[in-house]
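Okay, thanks for coming, everyone.

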Amino acid sequence: MSRRIIILILLFTATLIASFTATIILNPATPSELKGLAKYYVLNTINETASPEAVTAIVWDYRGLDTIYETLVLYLAIVGGLAMFKMSEEALLKTRIGLTLLSKTSTKIVALLIASIAAAIVFHGHLSPGGGFPGGSAVAVASMIIIPVFAAGTLIEKGVSSTKLVAIRGAALTALGLVALLPVVKGLEIVTNQRFYPASILGLPISGSLSLYNLFESLAVASGFTAIALYLSIPEEAHKGGSGA
Amino acid sequence: MVVVLEAFTYILIIAVLGLNALVSIYGIVYGRSLVKKLISLTILSDTVLVAVIFAGFYYAYPIVPPVYQDLAGAGREFLVKHASDPLPQALVLTGIVIGLAVNALIAFGIIQAYRLAKTTDARKVVEVLSGVEVTE
């Protein structure tokens with residue numbers, strides 16, 4: 001055995017012994033009920049935000065401004081990553097050979113399944129566990145299995161360019177900002193939900209602005225991560241012959 | 001006995017999280033390859049996220065998601081006794097996506113450094129890119 005494994009085993013044993021002695025000496029009382037703040041959220045979310053789901057209510061209503069700035073951080077990180085590459089798509093067009101027909105067909109089926117699950121996560125995000133972030137990530141997973149199987153060059157020929165993806169992302173972020181800013185017109189605070197947006201339209205519960213936020217956020221996350229996957233799929237050979245570093 | 005076991009598991013999880021953070025910080029500081037540093041960073045961020053989730057943990061059975069099943073008064077009482085804490089979930093939800101974006105940014109940087117320096121060894125990258133020799 002190498003030294004590293006022995007050190008790891010020693011560390012694990014020390015952790016076990018330390019926690020055992022700490023249990024005997026301290027004998028701590030483990031928490032057995034919900035914290036006060038969480039109780040407030042769980043009890044009042046249906047009245048204050050018209051959403052039965054406390055997590056979405058916290059993400060987009062109670063701490064809505066927080067989440068909007070986090071979306072901005074996400075946007076800047078992705079734009080920074082893409083700007084660092086400055087790739088022309090000629091390098092990507094060289095990679096046109098995907099995998100076999102078998103894997104292409106099965107990927108089509110699997111990607112369709114993932115996309116439908118993602119749609120369910122997004123559109124039910126204000127009623128059941130889920131929302132914009134997980135739904136968008138699920139769509140990104142679908143595109144991440146599509147890109148290696150069908151090859152990035154084929155996708156670009158079909159019209160899926162990273163410029164378009166970043167444009168979708170910018171549009172979704174603008175729409176998200178508009179949804180947040182619209183209540184200011186009537187003199188309410190920014191990111192107001194229930195005092196401005198209706199709780200349901202035509203009998204469909206939409207929980208005010210929460211479903212809109214979920215929709216735009218999922219678009220932004222999905223297009224952003226698809227653009228990243230597209231850029232990261234450039235093979236090194238294509239890069240060397242391409243536009244240069 | 002059960003109470004002691006509950007307390008032991010509770011402390012053990014905290015200790016293992018601490019150990020995990022320790023090992024990943026070691027990886028970030030002493031790892032030579034930039035890729036291994038990035039892997040350690042993701043382990044550290046996941047450890048922190050698990051710790052945040054663990055802060056909202058409490059013993060109850062069964063645990064249900066913090067979603068209204070029915071709007072009657074009995075449903076409320078059940079939810080307060082059995083719902084999982086929604087606040088850490090909301091924080092972790094955004095934290096995961098932000099972490100993913102930042103990791104992608106770092107990955108872009110590492111790939112670019114590899115293309116310029118033809119290595120991911122942190123010291124050699126600095127040597128090649130700046131011309132300054134790195135000494136221990």
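Let's begin with chain B, which has five helices and zero strands. Read from the N terminus, the order of elements is simply α-α-α-α-α. Keep in mind that this is a predicted model.

So what is the overall form of chain B? The radius of gyration of chain B comes out at 22 Å, while the globule rule gives 14 Å for 136 residues, so chain B is more spread out than a compact globule. You can see that in the C-alpha trace too, which spans about 70 × 35 × 15 Å along its principal axes. Buried residues account for 20% of the 136 residues in chain B. And if you take the contacts in chain B with a separation of 6 or more, 46% of them are between residues 24 or more positions apart.

Now, helix packing. As a reminder, two packed helices are described by the angle between their axes and the distance between the axes.

The pair to look at to begin with is α1(B) and α2(B), where α2(B) covers residues 34-55. Their axes come within 8 Å and cross at roughly 160 degrees. Anything over 145 degrees counts as roughly antiparallel, and α1(B) and α2(B) are therefore roughly antiparallel to each other. The crossing of α1(B) past α2(B) is left-handed. On the α1(B) side, the contact includes Ile13(B), Leu17(B), Ala21(B), Ile25(B) and Ile28(B). Across from them, α2(B) brings in residues including Leu41(B), Leu44(B), Val50(B) and Phe54(B), plus Lys36(B) and Lys37(B). By class, that contact between α1(B) and α2(B) splits into 11 nonpolar, five polar and two charged residues.

Then α2(B) also packs on α4(B). Here the angle is about 175 degrees, and the axes of α2(B) and α4(B) are 10 Å apart. That makes α2(B) roughly antiparallel to α4(B) as well. From α2(B) the contact takes, among others, Leu34(B), Leu38(B), Leu49(B) and Ile53(B). From α4(B) we get residues including Leu91(B), Gly95(B), Ile96(B), Gly99(B) and Ile110(B). How many charged residues are there in the contact of α2(B) with α4(B)? None: the contact has 15 nonpolar and five polar residues, with no charged ones.

One more thing in chain B before we move on. Most residues other than glycine have a negative phi, and most peptide bonds are trans. Well, the bond joining Tyr61(B) and Pro62(B) is cis, with omega at about -5 degrees. Pro62(B) sits in the loop between α2 and α3 of chain B.

Okay, the interface. The contact between the chains takes 41 residues from chain B and 47 residues from chain A. Which helices of chain B supply at least two residues each to the side touching chain A? Those are α1 (2-30), α3 (73-82) and α4 (86-117). The largest share of that side of chain B comes from α4(B), with 17 residues. By class, the side of chain B that touches chain A has 32 nonpolar, five polar and four charged residues.

Pro52(A) is in the loop between α2 and α3 (54-62) of chain A. Buried or exposed, then, for Pro52(A)? Buried, with 21 other C-beta atoms within 10 Å; the cut-off for that is 20 or more. Leaving out residues up to four places away in sequence, Pro52(A) touches Ile46(A) and Leu127(A), and also Val67(B) and Tyr68(B) from the other chain.

Last stop, some other loop residues in chain A. Asn27(A) has a positive phi of about 45 degrees, although it is not a glycine. Asn27(A) lies in the loop between α1 and α2 of chain A, and with 11 other C-beta atoms within 10 Å, Asn27(A) is exposed. Glu33(A) is in the loop between α1 (3-26) and α2 (36-49) of chain A. Glu33(A) also counts as exposed, with 12 C-beta neighbours inside 10 Å.

And then there's Val191(A), another non-glycine residue with a positive phi, near 60 degrees. Val191(A) is in the loop between α9 (162-181) and β1 (200-201) of chain A. Val191(A) counts as buried, with 22 C-beta neighbours inside 10 Å.

That's my tour. Over to you for questions.

How values were computed:
Residues are numbered from 1 along each chain as its sequence is written. Chains are lettered from A and ligands numbered from 1 in the order in which they are written. This is a predicted model: local features need pLDDT of at least 70, side-chain atom pairs count only at pLDDT 80 or more; totals for chains, interfaces and linings use all residues. Two residues are in contact if their C-beta atoms, placed from the backbone, lie within 7 Å. Helices (H or I, at least four residues) and strands (E, at least two) are DSSP runs, numbered from the N terminus. Ala, Val, Leu, Ile, Met, Phe, Trp, Tyr, Cys and Pro count as nonpolar, Asp, Glu, Lys and Arg as charged, and the others, Gly among them, as polar. The radius of gyration is taken over C-alpha atoms; the globule rule is 2.2 Å times the number of residues to the power 0.38. Axes are lines fitted to C-alpha atoms, for helices over the stretch in contact, and angles run from 0 to 180 degrees between N-to-C directions. Angles under 35 degrees count as roughly parallel, over 145 as roughly antiparallel, 65 to 115 as roughly perpendicular and the rest as oblique. A crossing is left-handed if the near helix is turned anticlockwise from the far one by less than a right angle, and right-handed if clockwise.
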